[in-house]
Amino acid sequence: MPKRSNYLLPTLREAPADAEALSHKLMVRAGLIRQLGSGLYTYLPAGYRSIKRTEAIIREEMDAIGAHEMLMPVIQPIELWRRTGRDTISELFRLSDRKGAEMVLAMTHEENLTFHIAAEVRSYRELPLLLYHLQTKGRDEPRPRAGVLRTREFTMKDAYSFDRDEAGLEASYARNMAAYERIFDRAGLRWYKVESDVGMMGGSGAHEYMAPCPAGENEIALAPDYAANVEIASARAVRVELPPELDAPHEQPTPALTTVSDVAQALGVPTGALIKAMPVVVEGRGMVLALVRGDHRLNEIKLRNRLGADFRPAHREEIEAEFGPVGFIGPVGLDAKMPILLDEAIRPGCYVSGANKLDTHLIGVHPGRDFSFEPADIRCVEAGDLTAAGHPIVIEPAIEIGNIFKLGTRYSAPLGATFLDENGVEKPIVMGSYGIGPARIVAASIEQFADQIGISWPRALAPFDVHLVGLGKPGDPVSAAAEAAYLELTAAGLEVLYDDRANAGAGEKLTDAELLGCPLRLTIGKRGLAEGVAEARTRRDGADASLSLDGLGAAALARLDGVA
RNA sequence: CGGGGUGUAGCGCAGCCUGGUAGCGCGUUUCGUUUGGGACGAAAAGGUCCUCGGUUCGAAUCCGGGCACCCCGACCA
């Protein structure tokens, strides 16, 4: 176990100027990481200890569900990626070897493993399989950020399941889910499992594991009976007060009023009484008009999923050709020209919409009567919306610490991973993939539990169980007692960092211990030595106690047992 | 890829507008005094001022190109 006097733990009194997120600042200040380049971080010894502890938990729980660890290369021939069509992903790092052959740095390992499974697995008798590895991933992120939270190179635990059918996949999925819940619980995190978009992984279903924290780059919608990424979340909108019914739409002059809030204010109606019209162009299909309530935002992921195709916002010229002046467009009269999707939050009633005429809106527009539409759920949920059971939703920022995907045959089909069933029929293997980012677990833990004075580790992730602070000078009895304590703690099986520095003051050592945030700090000083005790302070609750130097190892272990 | 910002000693920053031998705090080294919350005194080391070019007698400073890094947005298996 290390002594601080010859351990690389460069703590800083101030955070580097370019750090913004709390976990980033603290990891640098506590001497856990240093930056090499944008999105590229070195783990110094103490930081790497936490990473390894996290990885150990992951290994134990993956092994416990019968997954088998292996190891696959980071550098791969691009050919495999061509076969799955992932060679065009812009985040893919590309390189070439001395012969000019094109290679990539793997961003995940579906191609790699499926390639082997295709070659080695022939029969239903060999399935199911569940394999994983912990390996470096490369991603040419457009924007790395927040220290270790979003980097261009990082280690990921990725597991892959291979089953003969959907039912098998469901079972594999459930096993991984159970392992994940144990992993995040053991790591001491606050976390949620949320429904998520399948994104570019493809496949039929996905969940994300989210750790709420201020630096999170995702938003999750939460209620007692609900948890989903806002990318796909659905809820009942808060009702709005609508203007009185009219027999037919009436034109209303709205000179130069092009925004929802301006129009609402001028007409004396809530913004929710307006219909916001967003024309989009679907590749190869033409224009579609998406309508959401004036106080809502269009959810592009939900709209894409609903359309089943990518789309782009219509250009100004396209809008002017089909509708009228930008800022005054609406659905009335357009239902013959293009499909209209009306968000479900727009309840029956009379609304205000653009009149497709300069400086003019329509009041008394009744969907269904004044234009035809298809109902759709295409808006972003908002805080205060209600779940099916009537609970209000809150929205929290969170960091994605793990995800699980039902891949189906997304990779097995293009890579020819098939098997013969009992009837001799060749079928594609049904796959799932399951990822966890150990560095994000570490950073999320710091985000969730740090306080004014520094990190506050859960015991499971702390670089050391005990931070032993010796306040004596070389050669004095205090120093000798600290050295003895160090030996005894180590012998008791504790992971201990001993601050034996002769050139650091008491305040410096104690402050450093608080910054690094190990669960138990033991101080050996003149004061305690006179009583034959070490002074113990637990980091999470700040509680002090005196532990007899005689039998210190057992006493420290007992003290730690009371800590998270 | 759009917008904003930064680059000067290990870290944090000033100096730049108005060109004239590069500074402050912390840290580091040595000596002494201290020794339970970053202590005091004395001495010292440490910088191609991101880079390339231009203007000028003279450039950290003015002008132009490039690079790197950070923040917001887009993007994010």
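User: Leaving aside its neighbours within four places in sequence, which residues is tyrosine 226 in contact with?

Analyst: Happy to start there, with two notes on how to read the values. This is a predicted model, in which local features need pLDDT of at least 70 and side-chain atom pairs count only at pLDDT 80 or more, while totals for chains, interfaces and linings use all residues. Residues are numbered from 1 along each chain as its sequence is written, chains are lettered from A and ligands numbered from 1 in the order in which they are written, and side-chain values use heavy atoms, with hydrogens and water left out. With contact meaning heavy atoms within 4.5 Å, the partners of tyrosine 226, its neighbours within four places in sequence aside, are Ala221, Ala233, Ser234, Thr387 and Ile393.

User: How far apart in space are tyrosine 226 and histidine 391?

Analyst: Tyrosine 226 belongs to strand 12 (residues 226-229); helices (H or I, at least four residues) and strands (E, at least two) are DSSP runs, numbered from the N terminus. In sequence, 165 residues separate tyrosine 226 from histidine 391. From C-alpha to C-alpha, the distance between them in space is 8.7 Å.

User: What distance separates the centres of domain 1 and domain 3?

Analyst: Chain A is split into domain 1 (49-70 + 110-233 + 396-446), domain 2 (250-376) and domain 3 (466-561), with bounds that come from an automatic or database domain assignment. Taken over C-alpha atoms, the centres of domain 1 and domain 3 are separated by 41 Å.

User: Are helix 2 and helix 5 roughly parallel or roughly antiparallel to each other?

Analyst: Helix 2 (residues 45-64) packs against helix 5 (residues 166-186) at an angle of about 150 degrees, with axes 9 Å apart. Here axes are lines fitted to C-alpha atoms, for helices over the stretch in contact, and angles run from 0 to 180 degrees between N-to-C directions. Angles under 35 degrees count as roughly parallel, over 145 as roughly antiparallel, 65 to 115 as roughly perpendicular and the rest as oblique. Helix 2 and helix 5 are therefore roughly antiparallel.

User: How many charged residues are in the contact of helix 2 with helix 5?

Analyst: Helix 2 passes helix 5 in a right-handed crossing; a crossing is right-handed if the near helix is turned clockwise from the far one by less than a right angle, and left-handed if anticlockwise. Ile57, Ile58, Glu60, Glu61 and Met62 of helix 2 make the contact with Asn176, Ala179, Tyr180, Arg182, Ile183 and Arg186 of helix 5. Ala, Val, Leu, Ile, Met, Phe, Trp, Tyr, Cys and Pro count as nonpolar, Asp, Glu, Lys and Arg as charged, and the others, Gly among them, as polar. By class, the contact has six nonpolar residues, one polar, and a charged count of four.

User: Which residues of helix 10 meet helix 2?

Analyst: Helix 2 and helix 10 (residues 438-449) pack at about 115 degrees, and their axes are 9 Å apart. The crossing is right-handed. On the helix 2 side are Ser50, Ile51, Thr54, Glu55 and Ile58, and they meet Pro438, Ala439, Ile441 and Val442.

User: Which residue is the bridge partner of valine 280 in strand 15?

Analyst: Strand 14 (residues 275-282) and strand 15 (residues 286-293) run antiparallel, joined by eight bridges. Within strand 15, valine 280 has as its bridge partner valine 288.

User: What angle does helix 12 make with strand 25?

Analyst: Another open sheet has five strands in the order 26-25-27-28-29, with mixed pairing. Its neighbouring strands are turned by 25 degrees against each other on average, direction ignored. Helix 12 (residues 506-516) packs on this sheet, touching strand 25 (466-470), strand 26, strand 27 and strand 28, and its direction makes with that of strand 25 an angle of about 175 degrees.

User: Which residue in the hairpin of strand 5 and strand 6 takes a positive phi?

Analyst: Strand 5 (residues 93-96) and strand 6 (residues 102-105) are antiparallel and joined by four bridges. Five residues lie between the strands, and the one with a positive phi near 90 degrees is glycine 100.

How values were computed
Two strands pair if DSSP finds at least two bridges between them.
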